[in-house]
Amino acid sequence: MRLLDVAQFATGSLRGSPTRTLLMMLAMSIGVAAVVVLTALGEGARRYVVGQFSSLGTNLVIVLPGRTETAGVGPGIMSGQTPREITLDDAEALLRSPVIKRIAPLTIGSASISRGALNREVVVAGSSADMLGIRHMSMAVGEFLPAGDIHEGASVCVLGNQIARELFGNAAAVGQWVRIGDRRVRVIGILSSQGESMGMRTDELVIVPVATSHQLFNTSGLFRVLIEAKSRDVIEQVVRDAEEIMVARHSGEKDVTVITQDAVLQTFDRILTALTMAVGGIAAISLAVAGVLIMNVMLIAVAQRVKEIGLLKALGAPGKRIRNLFFAEAALLSAIGSVAGLALGYAGSFVIGRIYPMLPVSPPWWAVLAAVATALGAGILFSVWPARRAAKLDPVAALAGR
Amino acid sequence: MIELNQVSRSFTVGDQQVAALRGIDLSIAAGDYVSIMGPSGSGKSTLLNLIGLLDRPSSGTYKLDGGNVTALDDVQQARVRSEKIGFVFQSFHLVPRLTAAMNIELPMILAGVDPAERKERVAKLVENYGLKDRADHRPDQLSGGQRQRVAIARATSMNPAVLLADEPTGNLDQTTGKEVMALLEQLVERKVALVLVTHDPVLGGRAHRQIHMVDGEIVSENKATGVS
């Protein structure tokens, strides 16, 4: 029997009982759609988190004072009680490493900012010109901190978008003077609105040159040193170099912690991928249920079509061919059900993407493949028994309808 | 062509062995017109099923065209059925979802005949059996006589050597029954061996060879000199 004829015959018998066929396809497509939508959600969550991390900067390595045994931020670092602080000279020394592209020192403090009668508390960050590029920030108006010697504290500042609005309203802020703490500084630029990125709202930040912030808060240490590696491949070497340089400068004592964004990112990536797979797996159970339904309905179909099976045998179809005809039916059913399910799933993902625009909802290719494969597999696997039963029917009894 | 040698068939009913056929010896040549008659339960349908390879004998041998077909496996037997045997049933056994033309085409589809050749043969059969304006109708839109004509066209589509008919007129009125018999008897002239099972003595009397069965045994065989 020709393959095309098998397909045609199977199509014909599926069309012969449209209600049954439609219901089975519905079950199949719901299963496939569930896998697609749920994995799309999981994948969306993963991409959202990864996106948040990369908005912090790419190829980022961070040096922080103090030593913790595990990666992450310990209580000692939060309170700033460290044996030795990282100085601006330490930060500059890092540039000796050939794999480090650029660095940006970072201090954090809190001070009041005022313009005339307007006054509020803000987080003041001290940094250098390279901060802009390393942290992937962009300017709305004016310029970022001037390049040059980072030991020089110019009386300038860059305002976060919201701070600028609150202090100046619609008036031009660049060129105006504001007071931070007890110091008058000139506004040279305003950051463009970026929203929140990993717990740091740049919209409510005021950035001044690092030396200025040292004078402002009467400190000399750094909160962090942000390092951008020359490429992703050299990140490990950057970590080694940074540690070596810091150890050499701190009289052989390893009192800094170097963390990479990659390590944190990979952990999140792994957790969320595992989560996506687990959710997809749960959805795949519905495919198995659909498979059982197909088996049930196929068994009924064999019982209903027992005379036809007898006839096919009398007309010269061996048991094997009858079994294949039933397989073809199951495969066709699963295939059409899968396609319908994919359409349904993609439509559902699209709708969810519209409802939660910040989630990049899109089903991962492996989940789509797995869903279709599971649907086809379940359909054919669960039709083995009914098909074998049909193949083994005694032709005489079958023709008599027994 | 057909040679049955001491063929028996017994069924197990409950814990009892019931013999449906006992030691049948029968040979049928090409172009023979044989009717098998007898009361119900005499084993005539079982004999027909055995000849049609739908059933296997419990003992004895069955040779078709010189080859022992009792020893063949399922696939080989199916092939013999496809190539050499045609069936006509009392209840027509048409596939309800297929049109008349597609029902006629079915054995050729199963045998894997080339589609172009299939269409040609179907067209010819539809013409020969007067079904031209009914070819695209489904069985439930056909009369009993038309249905049986479709069934005969289907049975002859693979040009079988043997045609087995089990009460072919049982569900038809007398006039259409006669038409159907005439169509079957035409095949005998084309050297097809026709084996007809019936309990109607008038119908059975038309055959050249009339076999009477009682309790699974052939009790008598009459040879007529010609078709009445």
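**Helix packing and its surroundings**

Tutor: In chain A, helix α9 (residues 261-304) packs against helix α13 (residues 384-391) at an angle of about 15°, and their axes lie 8 Å apart. Because angles under 35 degrees count as roughly parallel, α9(A) is described as roughly parallel to α13(A). The crossing of these two helices, α9(A) and α13(A), is right-handed. On the α9(A) side the contact is made by Met295(A), Met298(A), Leu299(A) and Val302(A), which meet Trp385(A), Pro386(A), Arg389(A) and Ala390(A) of α13(A). Sorted by class, the residues of this contact between α9(A) and α13(A) comprise seven nonpolar and one charged, with no polar residue. Please keep in mind throughout that this is a predicted model.

The axes of α3(B) and helix α5 (residues 144-156) of chain B come within 7 Å and cross at roughly 25°. The two helices α3(B) and α5(B) are therefore roughly parallel to each other, and their crossing is right-handed. From α3(B), the residues Ala100(B), Asn103(B), Ile104(B), Leu106(B) and Pro107(B) meet Val150(B), Ala153(B) and Arg154(B) of α5(B). The contact of α3(B) with α5(B) is made up of six nonpolar residues, one polar residue and one charged residue.

The other partner of α3(B) is helix α4. Here the axes of α3 (residues 100-111) and α4 (residues 115-128) of chain B come within 10 Å, and they cross at roughly 130°. That angle makes α3(B) oblique to α4(B), and α3(B) passes α4(B) in a right-handed crossing. In this contact Ala101(B), Ile104(B), Glu105(B) and Met108(B) of α3(B) meet Arg118(B), Arg121(B), Val122(B), Leu125(B) and Val126(B) of α4(B). The residues of the contact of α3(B) with α4(B) fall into six nonpolar and three charged, with no polar ones. If you follow Ile104(B) in the structure, you will find that residue listed in the contact with α5(B) and also in the contact with α4(B).

Between β1(B) and β2(B) the antiparallel pairing extends over nine bridges, and within it Ser10(B) has Ala19(B) in β2(B) as its bridge partner. These two strands, β1(B) and β2(B), form a hairpin with two residues between them, and Gly14(B) in the turn has a positive phi of about 65°. Strand β1 (residues 2-13) of chain B is also joined by five bridges to strand β4 (residues 59-64) of chain B, and the two run antiparallel. In that pairing, the bridge partner of Ile2(B) is Leu64(B) in β4(B).

Strand β3 (residues 33-37) of chain B runs parallel to strand β9 (residues 209-214) of chain B, and four bridges join them; here Met37(B) has His212(B) in β9(B) as its bridge partner. Strand β9(B) is also joined by six bridges to strand β10 (residues 217-223) of chain B, with the two running antiparallel, and Met213(B) stands opposite Ile218(B) in β10(B). A hairpin is formed by β9(B) and β10(B) with two residues between them, and Asp215(B) in the turn has a positive phi of about 50°.

Where the two chains touch, the contact takes 20 residues from chain A and 21 residues from chain B. On the side of chain A that touches chain B, α1 (3-16), α10 (306-314), α11 (319-355) and α14 (395-399) of chain A each supply at least two residues, and α10(A) gives the most, with five residues. By class, that side of chain A comprises ten nonpolar, four polar and six charged residues.

Conventions:
Residues numbered from 1 in each chain as written. Chains lettered and ligands numbered in written order. Predicted model: local features only at pLDDT ≥ 70, side-chain atom pairs only at ≥ 80, totals over all residues. Pairing = 2+ DSSP bridges. Axes fitted to C-alpha atoms, helices over the stretch in contact; angles between N-to-C directions. Parallel < 35°, antiparallel > 145°, perpendicular 65-115°, else oblique. Left-handed = near helix turned anticlockwise from the far one by under 90°. Contact = placed C-beta atoms within 7 Å. Nonpolar A, V, L, I, M, F, W, Y, C, P; charged D, E, K, R; others polar.
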